[in-house]
Number of protein chains: 2
Amino acid sequence: MTTEELGQRRPRGPYAKSAERRETIVAAASQVFASHGYRGGSFQDVANVVGMSQTSLLHYFPTKRDLLLAVLEYRDTKLVNESGVPLDEGIVCEVLAQSEYNVGVPGLIELYTVLASESISPDHPGHAYFVARFGNLRAGYAEGFRALASEGRLRPGVDPDVAAASLVALWDGLQLQWLMAPGEVDVPAALRAYFDQVLTPTP
Amino acid sequence: MTTEELGQRRPRGPYAKSAERRETIVAAASQVFASHGYRGGSFQDVANVVGMSQTSLLHYFPTKRDLLLAVLEYRDTKLVNESGVPLDEGIVCEVLAQSEYNVGVPGLIELYTVLASESISPDHPGHAYFVARFGNLRAGYAEGFRALASEGRLRPGVDPDVAAASLVALWDGLQLQWLMAPGEVDVPAALRAYFDQVLTPTP
DNA sequence: ACCAAAATCGAGTGCTCACTCGACTTTCGC
DNA sequence: GCGAAAGTCGAGTGAGCACTCGATTTTGGT
């Protein structure tokens, strides 16, 4: 189907390097929002990091809100693609591997922690994203715990839903303490200890 | 000792109602910082809440930083004084009672959660406060767990220091999820479940 | 090679920010 | 009830904010 068949409209697509540029900008914005938060970070800050004019950024992301949403999406795809964490091996392996990977990318953890708390405010542009994310995490881990329960690996009296919310909470809280004082908290070790308390030992 | 004995300096103290005014301002600032964070909240916002001019606030708190530090101090004394949580009855009672009280003061919890994450940045005026606070909390709860261990109430294999950091983390993380979706998370119940997993049942 | 769309940017725009200044009013020790 | 300090505030100040506009350069399909 040619453009002529579609009528006289022929909008051109972006240039070859545009996608790359976009990613550069989003990566810089991730740094800025991690350091100063969404409210505290500015287009000018991001422009200084990427070495472009503030106006050019606005060509790619018309509003600050658009930039934030791109950053959140970027974080998801980046962490999933680059961590190489095996799925379908149970939540224990998944969570421990991911938490160990996270130690190497403190910037992304800081980004997540800072934006999550900022997003408590209902009018924050990231609010819906984080409400959905926490809901999905709880649902996913609850299913993981239920799978373990069906193998008899869940200790008696442990509720999969409570354990799921607690796992998410524990993980987030540990990362917060780790960001505040990296030498004092060992996130993967504490998560491992939690699993030891909730699950029966593998024979 | 009279002022004459001290020389010709005679600085007058504040008016009778000044302390009250200060507290009104700090309470308003707590609301504002809870809703919009430190960076997102302004003197003008606070002035609108208390019904004073922005300039008058600056008479009591010369910089925004001063106002924040007053807010943090206020939160501590207010929560300790008004919650009426019994100390010296072990960390279990203390934590559960405090967490149940917190459900009734969501504003103060939001303030704490928002400011803690904002304070990850080392140049944030609340940074030192929260680093110290997390350290003190971990140390205090670790001592609490050790006291339980000496009574044989800690399950074998549980490290008091890891349990202390985990308790703080779990609590903070649960409050974050509760603020995002109040209907979906029960903070005191999840904390009770954690104690059940870590401690042996009372006979 | 053409040329329209895409990309870049300098120069604004109106707004809000933390904070200052100078003048006025209120308090309260004497 | 005098007077000086404490309190109050309107009117700035300079900086930074997200975002706009108009003009110029770069690209790439034809």
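A residue counts as near a molecule or strand if its C-beta atom, placed from the backbone, lies within 6 Å of it. This is a predicted model, in which local features need pLDDT of at least 70, side-chain atom pairs count only at pLDDT 80 or more, and totals for chains, interfaces and linings use all residues. Residues are numbered from 1 along each chain as its sequence is written, and chains are lettered from A and ligands numbered from 1 in the order in which they are written.

**Exercise 1. Describe the surface near DNA strand D.**

Step 1. Around DNA strand D there are 24 residues, and those that come nearest are Ala16(A), Ser42(A), Pro14(B), Ser18(B) and Thr55(B).

Step 2. Helices are DSSP runs of H or I with at least four residues, strands are runs of E with at least two, and both are numbered from the N terminus. At least two residues of this surface come from each of H2 (43-50) and H3 (54-60) of chain A, and from each of H1 (18-40) and H3 (54-60) of chain B.

Step 3. Ala, Val, Leu, Ile, Met, Phe, Trp, Tyr, Cys and Pro count as nonpolar, Asp, Glu, Lys and Arg as charged, and the others, Gly among them, as polar. The surface near DNA strand D then has 9 nonpolar, 11 polar and 4 charged residues.

**Exercise 2. Work out what chain A brings to its contact with chain B.**

Step 1. Residues are in contact if their C-beta atoms, placed from the backbone, lie within 7 Å. Chain A gives 41 residues and chain B gives 41 residues.

Step 2. On the side of chain A that touches chain B, helices H1, H6, H7, H8 and H9 of chain A each supply at least two residues. H8(A) has the largest share, 13 residues.

Step 3. By class, this side of chain A holds 22 nonpolar, 13 polar and 6 charged residues.

Conventions. Two residues are in contact if their C-beta atoms, placed from the backbone, lie within 7 Å.
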